[in-house]
Amino acid sequence: MPKAILYDSTLCIGCRACEGACAERWGLPYNDKIAAEETLSAHKLTTIVTHGDHFCRRLCMNCLQPACASVCPVGALQKTALGPVIYEASKCIGCRYCVEACPFQVPTYEWSSRLPRMRKCDMCYARQSAGKLTACAEICPVHATISGDRDELIAEARSRLAATPGQYYQKIYGLSVVGGTSVLFLSAVPFEQIGLRTNLPNEPMPMLTWRVLELLPDVVSTGSILLGGIWWITNRRAEVAREEGPPGRQKGPRTRKEGSAE
Amino acid sequence: MTAKLPKITVWRAIFAAILLSGAYATYLRIFHGLGGSTNLSDKFPWGLWIGFDVMGGVGLASGGFTLVAMVHIFNVKQYRPVLRPAILTAFLGYLLVTLGLLYDVGRPDRMWHPLVMWNPHSVMFEVAWCVTLYTTVLFLEFVPMVFERFGLHKPMEWIHRISVPLMILGVLLSTLHQSSLGTLFLIVPEKEYPLWYTPILPVLFFISAIGVGLAMTIFESWHSSRAFGRALEVPLLASIARVLAVTMSVYLWIRFLDLAQRGELHLLLRNRTETWLFALEIALALVPTALLYQSRIRRNPAALYACSVMMVFSFIANRLNVAITGMEVGSGTHYIPKWSEVSVTLMLVAFGFAIFRVIGQYFPVFEAHSLESAAQDGVEREVDPLAVG
């Protein structure tokens, strides 16, 4: 059963405990200055963003069909059966196509490093593999972030929407956007008001390029026949022209073996 | 002492200045990373080096496959005199693109990874393979010029034996990756501005690559004729200009149809940076296309040259618009290249001009023409008509 995270913005008190736990899990520095940066970066893989009276978390959505994993030319990014999208830094060539392609602008890059890596949340793959909760879910004092099986979290989200309808905008973010994500959001206000992108298709992003890429064998095979055929036709025409010679001229001597006899 | 120093000309001074600033930018790139040498950020991870050095460079080098297809596959033999310069441009172009990638990629020491670590779902993986294979093909198409220079007949024959499949392979690989550079951007529908985002981006990239390949052929013929004091083959270039005009007419018409069918024509009425840069790109293609329909223009070397320059700039504007202009609003940021990004780019272009000139001087790049006319006089030609290049 794939794992997921449910973040309920209506419960979040903006204490940023998740940020600290995440920094600790990655061995990254964390202090007041970094806490005040409300953006993802190579040294901050999750952040709380303040939107007026509301909070929202940003972290890797660990999409069900991730654009980053599909675009990576070396397969450094992989969607695991457990749910997390993991990154193998030793494969990465640093093309940054994952950063360019991610619809949520999540992957970040170590721009100032001489041997840079991409950085992003991997939904605590190692911890979850060992049956533990994600670091952010474990530390959250108000259970605004919980982690568990995706199906169970969806059921939990639905029951919250039904139990106190007045408290919630009646939708779950992440259910179907870009084919579904492993991080689900509940909010008191429409999602765009807490900075979640609502202009994304429900179709998985990798399909957009795969539709073209899957034509490749057809293009190559048809193209070979077509170009080879055109060469054969035009070259035969040239051969005939050479044998017959230009109009009003004698046929030239043939010292070289011509192509196939016809 | 001073007698041995090369004469200082304006162009040589500019060349030296470009090399110096390029060398300093290279130092910054190596010791201070992408952060110290570019204005790229997490929100804007691809800039001038991808937009111009890679996407522009690959396109500007497309004359190689376009002319190989025309001369050797479609058998339009009268274009033969411009074939070798086009192959040389393409070969140099791809080498410079590879060099540019060494700057842009975060871990250039791992550039070979896509060849052994596969992800067939990635457009970038496909482009990496195509560019590697096609650069090899271009090397094999170029190397006869070296063999001929040193009178190596045996290897010339070996290459000749595989020349037809080799040329077909080259055209196929080019078709694939020229269009795939457009496919790269299909995955960012929410970021790319709708004047440029279209599902037919691969088709548009392919057609415009053919167009700019032809324009570059005219461009480089004009420059070589000046550099090497050769006569300009005006009737030949005029004929290429016709093909160019038709190609670009088809291209511009498809772009209009595409905008109309997606219902985005109204965007042209908005007073935005995107609109103006789009207009610039289209105008730079539309004006020379219209002009080239007149034989007076096609037969005037200066006008022909001006048209090819406009086409080349229109093409560059298009690739920069797709890679940079169109991505700004959707990414929620602004990007202006750092001076060092511009320096490296200028240095690569300067390398291109300089190496082309040196090879043109010492290798038989422009001699196919005289051989061709000798053959037309009824003398058995030395170079087989199917020999590559």
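Tutor: Helix H3 (residues 63-73) of chain B and H8(B) have axes that come within 9 Å and cross at roughly 140 degrees.

Student: What makes H3(B) oblique to H8(B)?

Tutor: Angles run from 0 to 180 degrees between N-to-C directions, with axes fitted to C-alpha atoms, for helices over the stretch in contact. Under 35 degrees counts as roughly parallel, over 145 as roughly antiparallel, 65 to 115 as roughly perpendicular and the rest as oblique. The crossing is at roughly 140 degrees, and that makes H3(B) oblique to H8(B). H3(B) passes H8(B) in a left-handed crossing; left-handed is used if the near helix is turned anticlockwise from the far one by less than a right angle, and right-handed if clockwise.

Student: What kind of model is this?

Tutor: This is a predicted model, in which local features need pLDDT of at least 70 and side-chain atom pairs count only at pLDDT 80 or more, while totals for chains, interfaces and linings use all residues. Residues are numbered from 1 along each chain as its sequence is written, and chains are lettered from A and ligands numbered from 1 in the order in which they are written.

Student: Which residues make the contact of H3(B) with H8(B)?

Tutor: On H3(B) they are B:Phe65, B:Val68, B:Ala69, B:His72 and B:Ile73, and on H8(B) B:Met167, B:Ile168, B:Gly170, B:Val171 and B:Ser174. Contact here requires C-beta atoms, placed from the backbone, within 7 Å. By class there are seven nonpolar, three polar and no charged residues.

Student: Why are H2(B) and H4(B) called roughly antiparallel?

Tutor: Helix H2 (residues 48-60) and helix H4 (residues 83-104) of chain B pack at about 165 degrees, with axes 9 Å apart. H2(B) and H4(B) are therefore roughly antiparallel to each other. Their crossing is left-handed. Nine nonpolar, three polar and two charged residues take part.

Student: How do you know that H9(A) is oblique to H8(B)?

Tutor: The axes of H9(A) (residues 216-244) and H8(B) (residues 163-183) come within 10 Å and cross at roughly 140 degrees. That makes H9(A) oblique to H8(B). This crossing is right-handed. Among the residues that meet are A:Gly223, A:Leu227 and A:Trp231 in H9(A) and B:Ile168, B:Val171 and B:Leu176 in H8(B). The contact of H9(A) with H8(B) has ten nonpolar, four polar and no charged residues.

Student: How many residues does each chain bring to the contact?

Tutor: Chain A brings 53 residues and chain B 44 residues. H9(A) gives the most to the side of chain A that touches chain B, with twelve residues. That side divides into 31 nonpolar, 17 polar and five charged residues.

Student: What makes the span of H6(B) close to the expected one?

Tutor: The expected span is 1.5 Å times one less than the number of residues. H6(B) (residues 123-149) has 27 residues and reaches 39 Å from its first C-alpha to its last, close to the 39 Å expected.

Student: Where does H6(B) have a kink?

Tutor: A kink of about 30 degrees lies at B:Phe142, shortly before the proline B:Pro144. The bend is the angle between axes fitted to the seven residues ending at a residue and the seven starting there. After H6(B) comes B:Gly151, with a positive phi near 65 degrees.

Definitions and conventions:
Helices (H or I, at least four residues) and strands (E, at least two) are DSSP runs, numbered from the N terminus. Two residues are in contact if their C-beta atoms, placed from the backbone, lie within 7 Å. Ala, Val, Leu, Ile, Met, Phe, Trp, Tyr, Cys and Pro count as nonpolar, Asp, Glu, Lys and Arg as charged, and the others, Gly among them, as polar.
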